[in-house]
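Please read the numbered points with the sequence and the model at hand.

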Amino acid sequence: MGLAGGGTDIKDFYSVHGGAVLNTTINRYAYAELSRCDDGFIAEALDSGLHQQINGDTPVEQLPRQLLLHQAVYNKIVADFNSATPFACRLSTYCDAPIGSGLGSSSTLVVAMVKAFVEALNLGIDDYEIAELAYTIEREDCGLAGGRQDQYSATFGGFNFIEFEHDRTIVNPLRVKNWFRCELESSLLLHFTGVSRQSAEVIEDQTKAAHEQQSEKLNFLHNLKQEARTMKEAVLKCDRDGIRESLNRSWQNKAQTSSKVSSPVIDERIALAQQHGAEAAKVSGAGGGGFILFMTHPSRAIQLRRALLEAGGETNFCCLSEHGAQAWRI
């Protein structure tokens, strides 16, 4: 879940200007199970009820959209770690959050699949390599538009200040006091708008801004980068007001990077939340739909949740997670 800096992790921006984000992981998970089978590669998306045997040369057009990432991960592992020799296995997945929700679901799913192969094949690669491999599969091999933070957040877990440069990524874990984690968990609500957003158009606008050296939108991206540093300081100092103010500034700047970041539904839900005690609001992910993150005083959180539930859409407190991708054998 991104708290600040989103948009500056897009390659066209950070490769020139450098990027920075502040994010944390929550208790929404992607699961991947890798098991033996008799013949070929079988991909399953259990949450979609999809099951298909896939050959390495199966045309993309013949695959359901929900299984494209499965094939891409398998092909990458075979090519890079098994001397281009296919092997029989079954890869089954499901995800707590819907794809397109703005919570990094697809990236987290790729990380989970890669982590399963790393464990099963004893590949011995570290977290940086896992995150980078997941990024390459999703963004380059599959051509899916997006930034770089989700793969690193899912792999490392916890609160992280992540810096992006032209040729490297640096993950700085933050030590957050436990009492303040508890306060944040009682103050932060995630509300699903009911619309799974398509981030490609938003990212296209932000990419154009990164190339327009004098554009106003580019200045907004620089402001978002600065907010990541401001948010880092506020989190480390347990400064609740600082986090609230940074979230609001981040949303104001983010909304200016593309006309597609907000929508009438988003604007209506934010206005409703403010009437019932929300002190800050920010759309998760690229924008356009998905989840909205709200911050309120703990004493008003139940009232706010009730109002948002009545408006329609899943609404829950954020339960923060300290751990990144995990793998085990059964």
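1. The coordinates under discussion are a predicted model. The domain assignment of the chain gives domain 1, covering 30-157, and domain 2, covering 178-317. Between the C-alpha centres of domain 1 and domain 2 there is a distance of 29 Å.

2. The pairing of E4 deserves a separate remark. E4 and strand E7 (residues 89-95) run antiparallel and are joined by six bridges. For a specific pair to locate in the model, take glutamate 33, whose bridge partner in E7 is serine 92.

3. Is serine 105 buried or exposed? Serine 105 belongs to helix H3, which spans residues 105-121. Its relative accessible area is 6%, which is under the 20% cut-off, and serine 105 therefore counts as buried. Apart from neighbours within four places in sequence, the residues in contact with serine 105 are Cys95, Ala97, Pro98 and Ile99.

4. Why is helix H5 described as largely enclosed by the rest of the structure? H5 (residues 149-156) has eight residues, and six of them are buried, so the helix is largely enclosed. The buried residues are Gln149, Gln151, Tyr152, Ser153, Ala154 and Thr155. Just after H5 comes glycine 157, which takes a positive phi of about 75°.

5. A further open sheet has four strands in the order E11-E12-E10-E13, with antiparallel pairing. Its edge strands are strand E11 (278-283) and strand E13 (315-317), each pairing on one side only. The twist in this sheet averages 25° from one strand to the next.

6. Within that sheet, strand E10 (residues 188-192) pairs with E13 over three bridges, in the antiparallel sense. Leucine 189 has phenylalanine 317 as its bridge partner in E13.

7. Which strands does helix H11 lie across? Helix H11 (residues 301-311) lies across E10, E11, strand E12 (291-296) and E13. Relative to E13, H11 runs at about 160°.

8. H11 also meets helix H10 (residues 264-275): their axes come within 9 Å and cross at roughly 145°. The crossing of H10 and H11 is right-handed. On the H10 side, the contact is made by Arg269, Leu272 and Ala273, while H11 contributes Leu304, Ala307, Leu308 and Ala311. By type, the residues of this contact between H10 and H11 comprise six nonpolar, no polar and one charged.

Key:
Residues are numbered from 1 along each chain as its sequence is written. This is a predicted model: local features need pLDDT of at least 70, side-chain atom pairs count only at pLDDT 80 or more; totals for chains, interfaces and linings use all residues. Side-chain values use heavy atoms; hydrogens and water are left out. Helices (H or I, at least four residues) and strands (E, at least two) are DSSP runs, numbered from the N terminus. Buried means under 20% relative accessible area, exposed over 50%, partly exposed in between (1.4 Å probe, protein chains only). Contact means heavy atoms within 4.5 Å. Two strands pair if DSSP finds at least two bridges between them. Axes are lines fitted to C-alpha atoms, for helices over the stretch in contact, and angles run from 0 to 180 degrees between N-to-C directions. Domain bounds come from an automatic or database domain assignment. A crossing is left-handed if the near helix is turned anticlockwise from the far one by less than a right angle, and right-handed if clockwise. Ala, Val, Leu, Ile, Met, Phe, Trp, Tyr, Cys and Pro count as nonpolar, Asp, Glu, Lys and Arg as charged, and the others, Gly among them, as polar.
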